[in-house]
Amino acid sequence: MCILVTYRNPNGIIICTHVLIVIYFIIFYFFIHIIILNMVNIYINIDNLIHNLELLQNKAQCDIMCAVKGNCYGLGFDILPYLLRYGINDMLVFSLEEANIVRKYSPDVNIYVVNTLNEDLNNIHNMGYIPIIHNLNQLVNYDNKYVLNIESGLERFGVKYQDALSYLQSKYDENILYIMNHLPFSYNESHELNLNLIKDFQNLQTLFPNYKYSLGSSGLLYHYHKLIKQDICRIGNLLYGRPDPIFPEIKPVVTSIEFNILEIKYITKGTSIGYNHRYTATEDEYICIVDGGYMERITNESYLTYRD
């Protein structure tokens, strides 16, 4: 690309200068100093990833759908070949952009798209992906395969249970690949919302046994796997090694992350920092701000060490 810049010098004469070389230099500078020198390095233990996958698959006793949304929960799409090599045929993404990335890794894997409310469902189908439908209005002009998502009590995406029940009673829809839901409280097996949702889900399975079902969350595998029969189990955080009190067998997948220091600050004894002031300095000390956070799976319980 060539750009012509004009400016006026003190004598009032208009001067034209060709700045292509300058632009190339600026691009090169930013590439070297921002893209390369400021990269965050994440080190991943693939053996632990496969360990978690096998553990969850054995617990689920059904097919597995890997949630790879959010750049594989921040681990990066480069781990996809290992999941594919293990035989995973179903992957869940958030957006069409993510679907296009996953497709580059495999022409055959089934890709389910969550964010469909503002998308043309027929376009999603024509691109070779499977839309997840969150309200019955989406079905008006759509007549292809899809997943029906039922709202789980979190007030997120999903068809209300009574609306889904009425729709399923009105006709048999051969385009439904799965009816899916999600436990709202993974760690509280006796919570009323969990119990009500399971009751509703069991009711659907009894009334409509010809459909396939998927009820996600770690709590299902730990507390309710004997109560609920799934045809496909969606796994995400546990696969990628998130510490989970009800699954101590899960191994960490990220072994270490290298960040760049953005700023060093001096704080005095008694100064509290961070969300909810979770840390208070016990002495005068230096702290540093780094270029990473939740996207790199750094939680409030994480700790960092400094290395030259």
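Angles between axes under 35 degrees count as roughly parallel, over 145 as roughly antiparallel, 65 to 115 as roughly perpendicular and the rest as oblique. With that in hand, welcome to a predicted model, in which local features need pLDDT of at least 70, side-chain atom pairs count only at pLDDT 80 or more, and totals for chains, interfaces and linings use all residues. Residues are numbered from 1 along each chain as its sequence is written, and side-chain values use heavy atoms, leaving out hydrogens and water.

**Overall picture**
- The chain has nine helices and 16 strands (DSSP runs numbered from the N terminus: H or I of at least four residues for helices, E of at least two for strands).
- Of its 308 residues, 39% count as buried (under 20% relative accessible area, with exposed over 50% and partly exposed in between, using a 1.4 Å probe and protein chains only).

**A helix pair**
- The axes of helix H7 (residues 161–170) and helix H8 (residues 192–207) come within 12 Å and cross at roughly 0° (axes are lines fitted to C-alpha atoms, for helices over the stretch in contact, with angles running from 0 to 180 degrees between N-to-C directions).
- H7 and H8 are therefore roughly parallel to each other.
- On the H7 side, Tyr161, Leu165 and Leu168 meet Asp200, Asn203, Leu204 and Leu207 of H8 (contact means heavy atoms within 4.5 Å).

**Tyr86 and its neighbours**
- Look for Tyr86 in the loop between helix H4 (80–85) and strand E5 (90–93).
- Tyr86 counts as partly exposed because its relative accessibility is 31%.
- Leaving aside residues up to four places away in sequence, Tyr86 touches Ile50, Leu53, Glu54 and Gln57.
- Ile50 sits 36 residues from Tyr86 along the chain, yet their C-alpha atoms are separated by 8.0 Å.

**Salt bridges**
- The structure holds two salt bridges (a side-chain nitrogen of Lys or Arg within 4 Å of a carboxyl oxygen of Asp or Glu).
- In one, the side chains of Lys160 and Glu151 meet at 3.8 Å, N to O.
- Lys160 is partly exposed at 40% relative accessibility, whereas Glu151 is buried at 11%.
- Lys229 and Asp231 also join their side chains in a salt bridge, at 3.2 Å, N to O.
- Lys229 is exposed, as its relative accessible area is 57%.
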